[in-house]
Amino acid sequence: MKRILTLLFTLAALQASAAGAPPDPYGELSHPVAVLLIAIACGLLIAIVILGHTVIGAIDIFRDRMKKLPLVLLLLAAGQSAFAQEAEQAVEKVSQPVVAGLTDSTFYMLLTVIGLEILVLLFLLQALRILTGITAAKKKKVKAAKEAKPGKPRVTLMERLNQTKSLDAASEEDVDMGHDYDGIRELNNPTPPWWRWTFYISIIFGVVYVWRFHVSETAPLQLQELAIEEEKAAIAKAEYMKNSANNIDENNVTLLADAADIESGHKMFATNCAACHGPEGQGLVGPNLTDKFWVHGGKVGEIFATIKYGVPEKGMKSWKEDFSPKQIAQLCAYIHSIKGTTPANPKAPEGVEVTE
């Protein structure tokens with residue numbers, strides 16, 4: 001108890017210091033909820049001491065059963081150690097209080113102490129019942145009552161579901177169907193009610209199914225449902241492709257082969273790029289784009305990155321604000337299409353030769 005109170009005072013002082021207030025010797029322990037929880041904890045602790053003393057007195061009668069006591073003490077010590085670690089960790093946490101004016105660490109610690117004390121009380125009560133023979137006497141009393149006054153045989157849940165009936169030699173005559181096969185008589189043994197009701201429900205379901213899907217045709221069959229889902233998937237795919245057209249970057253761009261994309265790239269090239277690279281890509285201020293030599297890489301992803309980010313140190317601006325990713329991909333497709341052409345007055349090769 002002394003250790004718990006010391007920890008409570010420490011928590012209160014730390015919380016007050018964290019709030020910028022001078023440490024209070026009582027702190028939040030003066031809170032009504034804290035006072036109530038501490039009173040409950042103290043009351044339970046007193047009950048544990050009294051009950052524990054009683055149990056220890058009863059143990060003298062059953063010394064041969066005390067071989068497991070070290071294990072119990074070890075478990076209690078481990079629980080106390082775990083509780084101490086949790087309390088130390090709770091000191092470091094500051095959160096919104098569950099009870100106004102009382103920190104969560106103190107509140108939950110007091111609840112934990114009370115919970116542990118209740119568990120110890122239950123354990124001691126059960127141990128006392130066993131040691132004093134109360135449990136054994138109760139079992140003997142119940143057994144003797146059953147032997148003295150046998151009641152109806154216990155019916156299990158499965159027997160109730162199946163409506164199973166026990167038959168003796170006399171009652172077998174009432175359910176005998178009169179059929180004898182090599183000494184084996186046939187008795188009237190109806191199917192369980194759950195089986196019959198399942199069968200009836202399946203018949204009703206079958207009638208409803210045939211009417212709905214084949215007679216009135218108010219619901220699609222499997223192949224029709226598949227066609228509907230495929231149509232929905234195609235619409236969703238088209239919408240996704242439209243929205244994902246601008247999700248292209250230098251890492252996932254692919255070479256566009258459609259003639260419309262190449263023509264769009266040609267128009268953008270003639271308007272924005274021909275001033276530096278020539279109307280046919282032969283190179284002017286910028287390098288020749290029709291030969292096999294490339295300064296910043298000739299693969300589609302490398303061309304995309306060059307257009308997107310530009311080469312500021314060589315005077316080429318970044319075009320990512322002017323062109324969408326889809327348009328940059330179209331420019332890449334056009335530039336790739338003019339590789340190997342022979343325009344008039346081509347600029348001398350620059351960079352490294354790239355072979356595909």
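Biologist: Which helix gives the most to the nonpolar patch?

Modeller: That's H7, with eight residues. This is a predicted model, where local features need pLDDT of at least 70, side-chain atom pairs count only at pLDDT 80 or more, and totals for chains, interfaces and linings use all residues. Residues are numbered from 1 along each chain as its sequence is written, and side-chain values use heavy atoms, with hydrogens and water left out.

Biologist: What makes a set of residues a nonpolar patch?

Modeller: Each member needs over 30% relative accessible area and no salt bridge, and nonpolar side chains (Val, Leu, Ile, Met, Phe, Trp, Tyr) are joined within 5 Å. Here the patch includes Leu 157, Trp 194, Phe 199 and Ile 201, and its members have about 1200 Å² of accessible area together. Areas come from the Shrake-Rupley method with a 1.4 Å probe, and for residues only the protein chains shown count as cover. Helix H6 (157–162) and helix H7 (193–215) are the elements that give two or more residues.

Biologist: Why is Ile 201 called exposed?

Modeller: Ile 201 has a relative accessible area of 53%. Exposed means over 50%, buried under 20%, and partly exposed in between (1.4 Å probe, protein chains only), so Ile 201 counts as exposed. Its place is in helix H7.

Biologist: And why is Gln 330 called buried?

Modeller: Its relative accessible area is 10%, so Gln 330 is buried. Gln 330 sits in helix H12 (residues 325–337). Helices are DSSP runs of H or I with at least four residues, strands are runs of E with at least two, and both are numbered from the N terminus.

Biologist: What makes the Gln 330 and Asp 261 pair a polar contact?

Modeller: The term asks for N or O atoms within 3.5 Å; within protein, one must be able to donate a hydrogen and the other to accept it, and residues adjacent in sequence count only if both atoms are side-chain atoms. The side chains of Gln 330 and Asp 261 are joined at 3.1 Å, so the pair qualifies.

Biologist: How many salt bridges does the structure hold?

Modeller: Three. Asp 322 meets Lys 317 at 2.9 Å, N to O, and Glu 350 meets Lys 347 at 3.4 Å.

Biologist: What makes E1 and E2 a pair of strands?

Modeller: Two strands pair if DSSP finds at least two bridges between them. Three bridges join strand E1 (residues 176–181) to strand E2 (residues 184–187), so they pair, and they run antiparallel. Asp 176 stands opposite Leu 187 in E2. The two strands form a hairpin with two residues between them, and Asp 182 in the turn has a positive phi of about 50°.

How values were computed: Patch = residues over 30% accessible without salt bridge, like charges linked within 9 Å, V, L, I, M, F, W, Y side chains within 5 Å. Salt bridge = Lys/Arg side-chain N within 4 Å of Asp/Glu carboxyl O.
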